[in-house]
Amino acid sequence: MFAVEVRDRIMIGHSLPDPFFGPAQQMHGATFVVDVAFFREKLTRHNVVVDIGAALDTLAAVLKPLKYKNLDEIPQFRGQLTTTEFLCRHVFDAMVAAARAGALGEDGRSLDRIRVTLHETDLARAWFEGPV
């Protein structure tokens with residue numbers, strides 16, 4: 001399996017209003033390093049997995065609505081616990097939709113899998129991976 005991975009970051013604010021989360025129930029900030037890996041069994045006719053420039057641009061576009069935002073105020077997240085795992089799936093879904101729509105070029109439509117990893121700190125991260 002071949003893979004290419006790109007990276008960006010977002011700064012967000014949010015709360016996790018459930019006793020399970022202890023002090024994180026209160027409003028707090030987080031800076032996530034976001035990695036997106038693209039996988040395919042065979043390289044394209046250009047001997048690549050995906051256009052890296054298009055992957056970087058697409059990731060930036062997917063993250064832009066979240067950057068410097070309070071996630072508690074984003075309508076689509078109302079009533080959700082915006083955990084790191086939840087955000088991984090959100091970014092994954094947006095990247096898959098972008099790939100299917102051609103944002104990664106024609107070769108992006110034939111990717112096998114995508115993995116989204118959010119690094120909370122150098123000590124903790126979460127990811128979601130699935131087929132395109």
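Two strands pair if DSSP finds at least two bridges between them. Strand 2 (residues 28–40) and strand 4 (residues 113–119) are joined by 7 bridges and run antiparallel. Val 33 stands opposite His 119 in strand 4. The model is a predicted one.

**Overall fold**

The protein chain contains 2 helices and 5 strands. In sequence order the pattern reads β-β-α-β-α-β-β. The C-alpha trace spans about 50 × 30 × 20 Å along its principal axes. The radius of gyration is 16 Å; a compact globule with 132 residues would have one near 14 Å, so the two agree. Buried residues make up 40% of the 132 in the protein chain.

Strands of a sheet pair through backbone hydrogen bonds, either parallel or antiparallel. Here the 5 strands form an open sheet with mixed pairing, in the order 3-1-2-4-5. Strand 3 (69–70) and strand 5 (125–131) are the edge strands, and each pairs on one side only.

Helix 1 (residues 52–63) lies across strand 1 (2–14) and strand 2. Helix 1 runs at about 20° to strand 1. Helix 2 (residues 84–101) also packs on the sheet, where it touches strand 2, strand 4 and strand 5. The direction of helix 2 makes about 35° with that of strand 5.

Asp 8 lies in strand 1. Beyond its neighbours within four places in sequence, Asp 8 is in contact with Phe 32, Val 33, Val 34, Leu 59, Ala 60, Leu 63 and Lys 67.

Leu 16 sits in the loop between strand 1 and strand 2. Leu 16 counts as buried at 7% relative accessibility. Setting aside residues up to four places away in sequence, Leu 16 touches Phe 21, Ala 24, Gln 25, His 28, Leu 81, Thr 82 and Thr 83. Leu 16 and Val 50 are 34 residues apart in sequence, and their C-alpha atoms are 36 Å apart in space.

**Aromatic rings**

The structure holds 3 aromatic pairs. Two of them are tabulated here.

| Pair | Centre to centre | Angle between planes | Class |
|---|---|---|---|
| Phe 20 and Phe 21 | 4.9 Å | 85° | edge-to-face |
| Phe 77 and Phe 86 | 5.5 Å | 80° | edge-to-face |

Why is the pair of Phe 20 and Phe 21 edge-to-face? The planes of Phe 20 and Phe 21 stand at 85°, so the pair falls in the edge-to-face class, which takes angles over 60 degrees.

Accessibility can be given for three of these rings' residues. Phe 20 counts as exposed at 70% relative accessibility. Phe 77 is buried, with a relative accessible area of 4%. Phe 86, its partner in the pair, counts as partly exposed at 23% relative accessibility.

A charged side chain also meets a ring. Arg 115 lies over the face of Trp 127, at 5.5 Å from the ring centre.

How values were computed. Residues are numbered from 1 along each chain as its sequence is written. Side-chain values use heavy atoms; hydrogens and water are left out. Rings of Phe, Tyr and Trp (its six-membered ring) pair if their centres lie within 6.5 Å; planes under 30 degrees apart count as stacked, over 60 as edge-to-face and the rest as tilted. Buried means under 20% relative accessible area, exposed over 50%, partly exposed in between (1.4 Å probe, protein chains only). A charge sits over a ring if NZ of Lys or CZ of Arg is within 6 Å of the ring centre and within 35 degrees of the ring normal. Helices (H or I, at least four residues) and strands (E, at least two) are DSSP runs, numbered from the N terminus. Contact means heavy atoms within 4.5 Å. Axes are lines fitted to C-alpha atoms, for helices over the stretch in contact, and angles run from 0 to 180 degrees between N-to-C directions. The radius of gyration is taken over C-alpha atoms; the globule rule is 2.2 Å times the number of residues to the power 0.38.
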